[in-house]
Amino acid sequence: MTDQERHAWALGGWWHVAFSAIMAVMVALALLTGPEQWRWLTAVLLGSVVAVYFVFAKPLVSPEKDYPSRGHSLVLMALILLPTLPAVIINPTLVLSLVAIAPVCFMTAGSLLAVPTVGAILILPNLVSGLQGRESWDQVGVGLLINGAILGYALWFGTWIERIVVQSAERYELIEALQRSREEVSRLSQEAGALAEREHLAREMHDTLAQGFTSIITLTQAVESELDSAPETARRHLALMRETAAENLAETRAMVAARQPVRLDSGGLDASIRRISERLGRELGISVTAEVSGTPETLPNDLQICLLRTAQEALANVRKHSGADNARVVLAYTDVGVRLTVEDDGVGFDFAGPAHGNGLANMRHRAESVGGVLEISSAPGGGTTVRLALPHDDSESEDGTHDADGAVHHEQTREAREENVS
């Protein structure tokens, strides 16, 4: 606990040392002053005040404790008053002991009980002195006026200090709650970061490694059936397996080393899309064409990742589900943005059917993360078309929709489609 955060009543061990030292001086003063026949009695009385403090009052001078109940406070004030008052009556000089006793009364019982207790120690010895004739009533009256003013000030100042202490206690609790909240926020932030990183790696592994391994398995099955009947085709498929495995290894190293899991050919995004299209055609023995239209431009890395991964996932679906004879990939650079289209003439699917896999969810997440729009159109026996539009920053229409391909994509239709495509 730092000093700035410490409760006002957390006085530490120094207060107990100071109290003991002051009372030791008072005991010594009792042995040296006052009526000689009463000196040992007054010293014992003040010593008993020290015992009352350490046995009953000290446990209450703590930041963890509030004021005791009214009954306990009255008992504590009586235990302090009973030895102190006779000692001061016998030897008025010992009123100086209030330097140590008064703070204890205020800290353990509050102003409403501490002021009468201190007042009794201040006023009653004056009255007794007047009754005994040790002081004139004029002197007693002046003393009463002075002590009354002191008590009034003590009541006002003590009440004010108590309000400050209450506010300090509330601030102390708020600081502790804030620290706990900060720790919780930090923990949740770390968990959210770890979860986001796991989701990111899961998407990358699905879009790269898992698809590569699927391709290798498919090629392995093809090679097993071709070893005897078509050795040349088997060797070609083995070469594709070796190429796919090498690409998977490169992707794995990129993810581990740099956490930037995209590997573009030396020709950039256009060449990479042509490469994956041609490889799928060679792997499946079908016609897969890749076209680039418009004037190519240098895109930010996150847009290149989105376009490349979407093309990979769409082509993976051609391999796994479509049974197509022909597929076409078009990357179009336009005045309003970049548009990727992947279409095939396969079996298509029914949007009302159950959803399988995470492919479309990954494509949708990537598109939304860069402000793009993903659209899927398909029908049983009618093939499938995947469209991804990434508009320029200034190509957003006034109603908030992206007009990259001149059409308004309705959210309900898009969500219905995305729930049923892998």
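Select Arg387 and Glu375 to begin: their side chains meet in a salt bridge, 3.3 Å from N to O (a side-chain nitrogen of Lys or Arg within 4 Å of a carboxyl oxygen of Asp or Glu). The pair links distant parts of the chain, with Arg387 in strand 5 (residues 384-391) and Glu375 in strand 4 (residues 373-378), twelve residues apart. Helices (H or I, at least four residues) and strands (E, at least two) are DSSP runs, numbered from the N terminus. Arg387 is partly exposed at 28% relative accessibility, while Glu375 is buried at 18%. Buried means under 20% relative accessible area, exposed over 50%, and partly exposed in between (1.4 Å probe, protein chains only).

This is a predicted model, in which local features need pLDDT of at least 70 and side-chain atom pairs count only at pLDDT 80 or more, while totals for chains, interfaces and linings use all residues. Residues are numbered from 1 along each chain as its sequence is written, and side-chain values use heavy atoms, with hydrogens and water left out.

Next, select Glu368 and Arg364 in helix 10 (residues 359-369), four residues apart, or about one helical turn. Their side chains form a salt bridge of 2.9 Å, N to O. Glu368 is partly exposed at 43%, and so is Arg364 at 22%.

Move to helix 6 (residues 137-226) and pick Phe157. Phe157 is partly exposed, at 31% relative accessible area. With Tyr153, Trp156, Trp160 and Ile164, Phe157 makes a nonpolar surface patch of about 530 Å². Such patches take residues with over 30% relative accessible area and no salt bridge, joining like charges within 9 Å and nonpolar side chains (Val, Leu, Ile, Met, Phe, Trp, Tyr) within 5 Å; areas come from the Shrake-Rupley method with a 1.4 Å probe, and for residues only the protein chains shown count as cover.

Also in helix 6, Glu184 and Arg187 lie three residues apart. Their salt bridge has its closest N and O atoms 2.3 Å apart.

Now show helix 4 (residues 98-109). Ten of its twelve residues are buried, so helix 4 is largely enclosed by the rest of the structure. Among the buried ones are Leu98, Ile101, Phe106 and Met107. Gly110 follows helix 4 and has a positive phi, near 90 degrees.

Finally, colour by pLDDT, the predictor's confidence in each residue, from 0 to 100. The chain averages 77, and 79% of the residues score at least 70. Over residues 395-422 the pLDDT is below 50. Where pLDDT is low, the predicted coordinates should not be read in detail.

Notes:
Contact means heavy atoms within 4.5 Å.
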